[in-house]
Amino acid sequence: MSAIPRTAPTPLAERPAWRALLEHHKKTGTLHLRDLFAADAGRGERLTLEAAGLYLDYSKNRITDETIALLMGLASECGLRERIAAMFSGEKINVTEGRAVLHVALRAPAGERMLLDGVDVVPEVQAVLARMTAFCDDVRSGSWRGHSGRPIRNVINIGIGGSDLGPVMAYEALRHYSRRDMTFRFVSNVDGTDFAEATRDLDPGETLFIVCSKTFTTLETLTNAHTAREWALRKLGDERAIRRHFVAVSTNAEEVAKFGIDPQNMFGFWDWVGGRYSMDSAVGLSTMLAIGPEGFRAMLAGFHAMDEHFRSAPFERNLPALMGLLSVWYNDFFGAQTAAVFPYDQYLKRFPAYLQQLTMESNGKHVTLTGAPVGVQTGPIYWGEPGTNGQHSFYQLIHQGTRLIPCDFIGFGKTLNPLGDHHNLLMANVFAQGEALAFGKTPEQVKAEGTPDWLVPHRVFEGNRPSSTFLLSELTPEALGKLVALYEHSVFTQGVIWQIDSFDQWGVELGKVLAKKIIGELEGSGPAPGSHDSSTTALMERYRKQQG
């Protein structure tokens with residue numbers, strides 16, 4: 001299949017496979033999980049998948065064998081296999097920007113070939129990894145020293161979007177493996193409070209800033225970077241100090257040098273790496289500094305293992321493909337507007353926030369690759385919190401509310417911090433929540449407990465709330481790579497079904513353009529008459545008055 005469709009494909013809602021699923025949903029959409037399990041004693045063992053070190057129990061989803069067969073038919077009819085091949089072969093499947101989508105090359109091992117316009121990009125990737133490794137070894141060993149001769153003890157990553165969310169999530173997820181004698185912090189918000197709090201207790205002489213900006217022109221990132229520059233120079237006093245306390249992840253050597261960063265300390269990446277798919281590129285420099293080059297390469301190996309599984313496994317045994325198809329099933333046939341991800345590991349507390357950008361920036365689209373209206377719902381809202389915190393806040397709505405919210409539970413066989421029976425209690429909650437969501441509690445069961453009739457309706461759980469449960473052995477760098485790649489490819493699968501471009505993000509541009517215009521007006525003589533709507537104009541004038 002060509003990256004750019006020559007003619008408009010058949011609208012999704014008119015495809016035979018889609019219509020077959022609509023008819024199937026009419027017949028099966030009201031089936032209860034209680035009945036599905038009662039009719040199939042082996043369902044909980046049969047509807048499972050194990051691959052690349054991940055075990056998935058998807059038996060608590062509102063599906064039958066026919067549902068799976070029809071979803072597989074939809075994947076074939078929409079050309080999922082061909083689109084996977086197009087991505088891995090370097091076709092420019094990001095059609096609106098004319099770019100290839102080769103983040104999978106970032107984790108390809110040395111010696112593997114991945115071509116873009118006939119050129120193998122793997123040697124370039126490995127060269128950047130080698131430079132990152134040498135730099136991180138120098139910093140971690142203390143041989144890289146600040147301007148005043150002291151070793152680096154603090155690292156602050158300055159970025160936004162994919163240049164922040166991935167590194168933050170990875171650091172928190174892998175904190176167990178990080179250097180505890182070093183401090184790692186992340187600044188993304190243009191709100192000055194973010195920078196002030198990140199640096200309040202740090203010594204500039206022991207602090208290294210990583211400025212992540214592909215173009216080195218991103219307004220928020222460069223605003224924070226210049227503030228960091230001023231903060232460092234107030235103490236260090238010498239412009240030459242910038243070269244020992246700032247490095248860049250960018251492709252714009254001219255702007256990097258103008259800032260004062262030695263271009264030799266610039267780590268590049270490529271336009272075939274989207275921001276939200278870049279945590280395993282040089283954007284992950286802070287991750288490598290924290291967990292070391294060996295740990296970073298283990299994470300890349302995890303990514304690659306899931307890549308190869310997605311690339312080669314038949315769809316009925318393909319973890320990301322099945323996940324993506326189930327998401328389409330709930331989003332478009334049940335009308336589920338959100339999807340929840342609940343990692344039962346405190347280290348993964350930023351994982352749902354990371355997934356929000358990955359999923360919603362990728363698939364928050366309203367037109368197809370050819371510019372035609374999609375005609376169906378795309379991009380469910382992803383959200384979540386680590387367990388068991390969420391159980392004491394929003395689980396009430398999932399269990400007894402009126403909205404259908406498919407849930408992903410993520411658990412681990414072993415804890416990295418064994419304390420008494422904490423982990424058994426944690427995992428008991430994983431299993432209990434999935435069971436409660438699926439089967440609920442009937443009025444008869446509530447009455448049998450001696451509940452007064454007037455109270456029975458309040459204590460009934462309808463059940464039939466779908467969930468998938470992922471089990472991994474232990475949260476390691478390799479396991480994290482597998483998890484991230486799993487969701488990356490699930491998002492890609494959904495985008496292929498909806499016939500959209502999952503790799504552009506034009507929706508974030510308009511606000512940026514307007515903000516650049518407005519900041520000049522806020523700092524100047526105010527908005528010109530008629531330059532904005534009455535609401536925006538009034539808000540700007542109110543703000544200017546508040547500032548005096």
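# Helix packing, sheets and cores in a predicted model

Reader: At what angle do helix H4 and helix H13 pack, and how far apart are their axes?

Author: Helix H4 (residues 65–77) packs on helix H13 (residues 319–333) at an angle of about 100 degrees, and the axes are 10 Å apart. The model is a predicted one.

Reader: Are H4 and H13 roughly parallel or roughly perpendicular?

Author: Roughly perpendicular. Angles from 65 to 115 degrees count as that, and theirs is about 100 degrees.

Reader: Which residues make the contact?

Author: From H4, Thr67, Ile68, Leu71, Met72 and Ala75. H13 contributes Leu322, Leu325, Leu326 and Trp329.

Reader: Sheets next. What is the strand order in the six-strand one?

Author: The order is S1-S2-S13-S12-S10-S11, in an open sheet with mixed pairing.

Reader: How many bridges join S2 to S13?

Author: Three, between residues 54–57 of strand S2 and residues 467–472 of strand S13, and the two run antiparallel. Tyrosine 55 has leucine 471 in S13 as its bridge partner.

Reader: Which strands does helix H14 lie across?

Author: H14 (residues 351–363) lies across strand S10 (338–343), S11 and strand S12 (407–412). Its direction is at about 165 degrees to S11.

Reader: And the five-strand sheet, what is the order there?

Author: S6-S5-S7-S8-S9, open, with parallel pairing. S6 and strand S9 (266–267) are its edge strands, and each pairs on one side only.

Reader: How many bridges are there between S5 and S6?

Author: Five, joining strand S5 (residues 154–158) and strand S6 (residues 183–187) in the parallel sense.

Reader: What do S5, H7 and S6 make together?

Author: A right-handed β-α-β unit, in which H7 covers residues 162–173.

Reader: What about S7 and S8, how many bridges?

Author: Four bridges link strand S7 (residues 207–212) with strand S8 (residues 246–249), and these strands run parallel. Cysteine 212 has valine 249 of S8 as its bridge partner. H7 packs on this sheet too, where it touches S5, S6 and S7, and its direction makes about 150 degrees with that of S6.

Reader: Which strands does H9 lie across?

Author: Helix H9 (residues 219–236) lies across S5, S6, S7 and S8, and it runs at about 160 degrees to S7.

Reader: Switching to cores. How many residues has the largest nonpolar core?

Author: 124 residues, with Trp272, Leu289, Phe351 and Tyr487 having the most contacts inside it. Helix H19 (residues 477–498) supplies the largest share, twelve residues. There is also a second, separate core of 24 residues, which includes Ala198, Ala225, Leu236 and Phe259.

Reader: What is tryptophan 272 in contact with?

Author: Beyond its neighbours within four places in sequence, tryptophan 272 contacts Ala100, Val101, Leu102, His103, Ala105, Leu106, Leu116, Val121 and Val125.

Reader: Where is isoleucine 405 found?

Author: In the loop between helix H15 (395–400) and S12. Isoleucine 405 counts as buried because its relative accessibility is 5%, and the cut-off for buried is under 20%.

Reader: What does isoleucine 405 touch?

Author: Leaving out residues up to four places away in sequence, it touches Thr338, Ala340, Trp383, Leu397, Ile398 and Pro466. Between isoleucine 405 and asparagine 331 the C-alpha to C-alpha distance is 9.7 Å, with 74 residues separating them in sequence.

Reader: Backbone now. Is the peptide bond from glycine 387 to threonine 388 cis or trans?

Author: Cis, with omega near 5 degrees. Threonine 388 lies in the loop between S11 and H15.

Reader: Is the phi of aspartate 117 positive or negative?

Author: Positive, about 50 degrees, although aspartate 117 is not a glycine. The residue is in the loop between strand S3 (115–116) and strand S4 (119–120).

Reader: And asparagine 464, what is its phi?

Author: About 60 degrees, also positive in a residue that is not a glycine. Asparagine 464 is in the loop between helix H18 (456–459) and S13.

Reader: Are these two buried or exposed?

Author: Aspartate 117 counts as exposed, at 64% relative accessibility, whereas asparagine 464 counts as buried, at 8%.

Terms used: Residues numbered from 1 in each chain as written. Predicted model: local features only at pLDDT ≥ 70, side-chain atom pairs only at ≥ 80, totals over all residues. Heavy atoms only, no water. Pairing = 2+ DSSP bridges. Contact = heavy atoms within 4.5 Å. Axes fitted to C-alpha atoms, helices over the stretch in contact; angles between N-to-C directions. Right-handed = clockwise from strand over helix to strand, strands pointing away. Core = buried A, V, L, I, M, F, W, Y, C linked by side-chain atoms within 4.5 Å. Buried < 20%, exposed > 50% of the residue type's maximum accessible area, 1.4 Å probe, protein only. Parallel < 35°, antiparallel > 145°, perpendicular 65-115°, else oblique.
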